[in-house]
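Hi,

Here is the structure I promised to pass on.

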Amino acid sequence: LPLFLQVIRCRAAVAWARGKPLSVEEVEVAPPKAHEVRVKIVATGICHTDDHVLEGSFPDIDFPVIPGHEGAGIVESTGEGVTSVKPGDKVILFGLPQCGECRFCLNPDSNYCLKSHLSEPQNLLPDKTSRFTCKGKQIYHFLWISTFAEYTVVPEYTLAKIDAAAPLDKVCLLGCGFSTGYGAAINTAKVKPGSTCAIFGLGGVGLSVIMGCKVSGASRIIAIDINKDKFAKAKELGATECINPQDFKKPVQEVLIEMTGYGVDYSFEVIGTADTVIAALASCKMNTGVCVMVGLVPSGSVVPIDPLLLLSGRTCKGTLLGGWKMRDSIPKLVSSYLEKKFNSDLLITHTLPIAKINEGFELLRAGKR
C-alpha cells in the first residue's frame, strides 16, 4: 500500500477514564478519509482545558480519549478533496473549526462555527467514526484534533498552513492559549490606549492577556494571582503592578476600586471560578467597564450576579479562542510572531518528551508553568 493508505502505529497519551492519569500507549492511526488530513505532531502545549477533560469537568466528552488541542506539526498525508495543504506543509491545529460555510463563519463579526464542540460533540470525526484504536478498542478524539498523539487525523477546516520558517515547538501555543488571551484583549475587549486593565489569573493565558493589553497601549495593567511566583513574569510581559488577594482583609474588587478610584476599564477573568467572575465584574468601572470571561468555569456551574452591576451599564462578555477566525488568523499570527511583534516564547516554562506527559500536568497543577 502507498504510505497515505497505511495505518500508522505510534505513541499517544490516552485517558482511559475520568480521574485517571494519562497512559502512554501504542495506538493505530487510520489513514485520512475525504476532506481529512493526517498530521505528524511535532509539539503540543498542555492547557488547563485538558486537565478539565481528565477530571471530568469538560462537557460531553467520551472516554477513552486522546486529549490535547494546542498542537503544531507537519502534514503526513491528505484525503480526497483536500486543497489547502499538502504533505510536508507545517500546520497549526485548533479546536475551534472554521468551516467557512455556516451562518456564523459567513458573519464577519463572529468567530464561532456550527461545527464547534459547543454545537455538537467532536468526539468522533464528522463521519461519526474514530481514526484511533488501541488494544483493539476504539479511542475517541478530543475537539477533533487530539494533539497528545504522535500522529492524528483531523478535518481540513481545523488546521491552517503556516510559514515554513516557524519553529513548531514555539508556535504550537498559538493554537489555543496565547491566541485566546491575546485576542481577549485585542478583539473582545478592544482595549483602548491609556486605559486601566485588571487580569485575574497569571497562567499562560492570563500572561497572554497582559501582552494584548500592553500592545493595545493600556497605561495601567494590574495582575492578580494568589501565587506570587507568577509576578516576575507578569511584570516582564507588561504588568505595571501585581497584587495577591490573600494579602488583604477585604474583597479584591474593593482593593481594585481603591487603587483606581472608580474601578478598571477592562477586567479579564482567566481562572474559571464563580467567585473570580463576580470579583472581575465588580472591579469594573460603573457604566463603561467591560469584564471579559476567558477562564473555563466547570460545566454546570452557576454564577450569582447582582443585577445592579449590569444595570448600571457594565458589560460582561465571554471570548471564544480570543475572537479569532482561526483558519484566517493563525497564518497572520505566526507572521506577527516571526516579525517579533510579541514574544510568546516567554510563556514556555518546560519542554518534556511525551513519555513524561503526566509530569507536565503535575507542573501545571502546582502552578509551576
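Below is what I found, going from the whole chain down to single residues.

A word on the ground rules: this is a predicted model, so local features need pLDDT of at least 70 and side-chain atom pairs count only at pLDDT 80 or more, while totals for chains, interfaces and linings use all residues. Residues are numbered from 1 along each chain as its sequence is written, and side-chain values use heavy atoms, with hydrogens and water left out.

**The whole protein**

The protein has 10 helices and 15 strands; these are DSSP runs (helices are H or I with at least four residues, strands are E with at least two), numbered from the N terminus. Its radius of gyration is 21 Å, which agrees with the value near 21 Å for a compact globule of 369 residues. That radius is taken over C-alpha atoms, and the globule rule is 2.2 Å times the number of residues to the power 0.38. The C-alpha trace spans about 70 × 40 × 35 Å along the principal axes.

Of the 369 residues, 54% are buried. Buried means under 20% relative accessible area, exposed over 50%, and partly exposed in between, using a 1.4 Å probe and protein chains only. Take contacts (heavy atoms within 4.5 Å) between residues at least 6 apart in sequence: 70% of them join residues at least 24 apart.

As for charge, the mean positions of the 39 positive and 37 negative charges are 2 Å apart. Lys and Arg count as positive, Asp and Glu as negative, and His and the chain ends are not counted. Each charge is placed at NZ of Lys, CZ of Arg, CG of Asp or CD of Glu.

**Two domains**

Domain 1 covers 3-177 + 323-366 and domain 2 covers 189-318; the bounds come from an automatic or database domain assignment. Their C-alpha centres lie 29 Å apart. Where they meet, 12 residues of domain 1 are in contact with 11 residues of domain 2.

**A covered helix**

Helix α7 (residues 274-282) has 7 of its 9 residues buried. Those buried residues are A274, T276, V277, A279, A280, L281 and A282.

**Some backbone spots to look at**

The loop between α1 (48-55) and β4 (71-78) holds P64, and D60 lies in that loop too. F63 and P64 are joined by a cis peptide bond, with omega about -5°. D60 is not a glycine, yet its phi is positive, near 60°. D60 is exposed, with a relative accessible area of 51%.

W144 is another non-glycine residue with a positive phi, about 70°. You'll find W144 in the loop between β7 (137-139) and β8 (151-155). Is W144 buried or exposed? At a relative accessible area of 3%, W144 counts as buried.

**L346 and its partners**

L346 is in the loop between α9 (326-338) and α10 (357-365). With 24% relative accessibility, L346 is partly exposed. Leaving aside residues up to four places away in sequence, L346 touches K233, E236 and L237. The C-alpha atoms of L346 and G204 are separated by 9.3 Å, though the two residues are 142 residues apart along the chain.

Cheers
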